[in-house]
Amino acid sequence: MKNIDTIGHVTGKSVYLDDIPTISGTLHAAVVGSAIAHGKILKVDTTEALRLDGVVKVITCTDIPGENQIGGIVEDETLLAEDEVHYQGQPIAVVIAKTERDAHKAAKMVRIDYQELEPVTDPRIAKEKGLLLIPPRSFSMGNPSEVWSHCKYIVDDSIELGGQEHLYIETQGAYAYPVEGGYIKVHSSTQGPTAVQKTVARVLGLPMNLIEVDVVRLGGGFGGKEDQASGFAAMAALAAHITGKPVKLVLPRHDDMRMTGKRHPYSGDFRIGLTADLKILAFETTLYQNGGAAADLSPAIMERTLFHSTGSYYIPNTRVTVYSCKTNLPPNTAFRGFGGPQGMFVIESAIAKAAETIGVSAIEIQKANLLKENDEFQYGQKAENVNARKCFALASEKFDLENLRKSIENYNQNNKYSKRGLAVMPLCFGISFTNTAMNQARALVHIYQDGSVSVSTGAIEMGQGVNTKMAQVASILLGIDISRVKIHSTNTTRVANTSPTAASSGADLNGNALRIAIAALKKRLLKVAAELLECSDDELTIENETVIRNGEPTALKWNELVKKAHLKRVALTENGHYATPVIYFDKTKEKGHPFAYHVYGTGVVTVTLDCIRGTYTIDDVYIVHDFGNSINPLIDLGQVEGAVVQGIGWLTLEELAFDPKGRLLSNSLSTYKVPDIHFAPKSIQCIPLPTNGPELAVLRSKAIGEPPFMYGIAAYFAIHNAIKAFNPSYSIKLTAPLTPERVLMHLYQ
Ligand code: MTE
Ligand code: HPA
Ligand code: MOS
């Protein structure tokens, strides 16, 4: 079925933050960000700004009634800068005015004197200087140092991996208003309503029960609103609290690009060792995560890099270390894959480099090392229901990889200045928040007297279709038509203590909580039905809005049953709580069973290179993906397509450029290029791997949001392969993104 938001989106009726009808007297806020990346604030002069007509107030750190602290994992981030600034765009003041225009105009009139300090933007330099956000962490298995001597091939190299701007269509924003008695209601474009509630409470010095956060939907989040929506919501709430008026704060695109963190760039060094039969015997890597000026989610992202640093492979001897480095860039944050793509990029780079050195295709090495049943991950979990080889085999068969490779070779022999390339990306992505405690959710279900059903969960709709999936879960499990089910906004007064909708777990966690709530309601309803039909309730179920007895429809309809249950004073409301069973992780040993299950797949990307210009087209993407038993194939396919294009963009066109002073140069859509419909692959063919799906996935339908992003990695290596076809002496340089400019350099290296 189609996403329930489809019609609303195309007719423009869907409500986003900026569409919420405002209360009369609403004021508007604009953020004053630091002009420099590192320095001391000598003076903040607001006189001129305050003189502008319509300006109500300029708020600085001294106006904060609670704590000037928004750091979630590490307490290292102010809401408004105090005496130092650590990145360009760092919020220093908030201007409140009667119109949005005046607020922005006045923001430019706030004069700030700085004493500039030397910024650090390179994570390796930060590490040298001892600038770390948290202590380094290492995962290991076996002992690489003991086995290097058994390796026939040993390859060392380095990677330089770029970041990525989220470019959600809806920028960061919030609308906050005082209700009464200090109570503040906040509409926020956030993936984490509880994070917003907690941050607002902290900044205002109020208990959490005086802050209500409500979210209808986001115009995209992609991780960028897991943590970073909180600060902007806190500014709006602070302004509302101080003025006693409703305040709206929506970042202009330019401010959003400059002020918010992005995907983490990583630098790193690796060594890989293989036997004569291409088995990877050992892998060692040290990575430098460019965390930006504050920890934000970097520690958790570092953790997922560690978890995914061996990709879809079994490697018996590993040692992986990540340093989370503090630099003078905006605090980098969650972005689809959450550090996983960066970890996988490194192992795929090592394989590509080994293949080049040995003189085989990377595909031979990939194939020889794919995970098998019961293989151990370096974090101690045993691989179960492994579909890595099945996906690889099905992809080879269905897409006839042998012939595809041959036809590309043929093309390359017959064309001098146009070359094609192909690469394969095997995928294995762990599902669950790596922080075990976050793997919990709640769902609140009301059945009204007329038989209509209201569902509230902790899940945030951000375009990924989680609301549709929740409505499907309710309709399937209650046995009623989906039109009876209303999925409400995500609201902290209806569903408390939510984990952010992230880690691709939104549908699993909230859907399972919903399943639990519905099971309890259904049990009570069937007891009523059993009384009415004078039979035992275990003979009964509900299908097609009808009570079914031993497989035969009865005359008792859903509506009637609900009405009777209400008259019998049966509770028609239920709150379901779900906590993922089985998972645990022991950080002292860096071992455990952190993931409910893994998502597998194989992606193949082909490209064509213009060897005169260095430009390229992404031709075809072929995927065999392990959806489990997909509850909504249409939505899931949409997630695959979007994620693949986003993944390709990350490693090809999307280049973040900072000047040596740490100022973002690629701060608009004319200088930061994202894939458009012309750049998108000519075709994306995705075949589902036939499986039943794991029990811990919602209705056995596997998590889909992030995993297919990683197929984009194949585009990067496909381009390299095309470069090698033109310039056989080219030695792969592991710098990303592989922009046309870089490609041109490599072609004539
Ligand atoms: N799809 C759309 N359209 N918009 C988004 O912002 N975010 C992605 C993914 N797919 C995103 C998206 C990210 S980063 C995650 S973690 C998941 O959706 C979150 O939703 P889920 O847990 O319901 O899959
Ligand atoms: N994934 C995504 N977001 C998160 C995670 C994770 O594992 N942990 C904390 N936030
Ligand atoms: Mo997604 S990066 O876990 O929001």
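**Ligand 1, polar contacts.** I started at Met 462: one of its backbone N or O atoms lies 2.9 Å from a nitrogen atom of ligand 1. I take a polar contact as a pair of N or O atoms within 3.5 Å; within protein, one must be able to donate a hydrogen and the other to accept it, and residues adjacent in sequence count only if both atoms are side-chain atoms. Gly 463 also has a polar backbone atom 3.4 Å from a nitrogen atom of the ligand. From Arg 336 it is a side-chain N or O atom, 3.2 Å from a ligand nitrogen. Taken alone, ligand 1 exposes 520 Å², and the protein buries 92% of that (Shrake-Rupley areas, 1.4 Å probe; for residues, only the protein chains shown count as cover).

**Ground rules.** The model is predicted, so I note that local features need pLDDT of at least 70 and side-chain atom pairs pLDDT 80 or more, while totals for chains, interfaces and linings use all residues. Residues count from 1 along each chain as written, chains are lettered from A and ligands numbered from 1 in written order, and side-chain values use heavy atoms, without hydrogens or water.

**The shell.** I looked up who surrounds ligand 1 and got 19 residues, the closest being Gly 221, Phe 222, Met 462, Gly 506 and Gln 639 (near means a heavy atom within 4 Å). They split into 6 nonpolar, 11 polar and 2 charged. Here Ala, Val, Leu, Ile, Met, Phe, Trp, Tyr, Cys and Pro are nonpolar, Asp, Glu, Lys and Arg charged, and the others, Gly among them, polar.

**Aromatic pairs.** I got 19 of them. Rings of Phe, Tyr and Trp (its six-membered ring) pair if their centres lie within 6.5 Å; planes under 30 degrees apart are stacked, over 60 edge-to-face, the rest tilted. Tyr 417 and Phe 726 make a tilted pair, 6.0 Å centre to centre with 45 degrees between the planes. Tyr 417 is in the loop between α13 and β16, Phe 726 in helix α18, 309 residues apart (helices, H or I, of at least four residues and strands, E, of at least two are DSSP runs, numbered from the N terminus).

I also noted a cluster linked by ring pairs: Phe 139, Phe 307, Phe 377, Tyr 379, Phe 585 and Phe 595.

**Charges over rings.** The charged end of Arg 263 sits over the ring of Phe 335, 4.4 Å from its centre. Arg 217 does likewise over Tyr 16, at 5.7 Å. My test is NZ of Lys or CZ of Arg within 6 Å of the ring centre and within 35 degrees of the ring normal.
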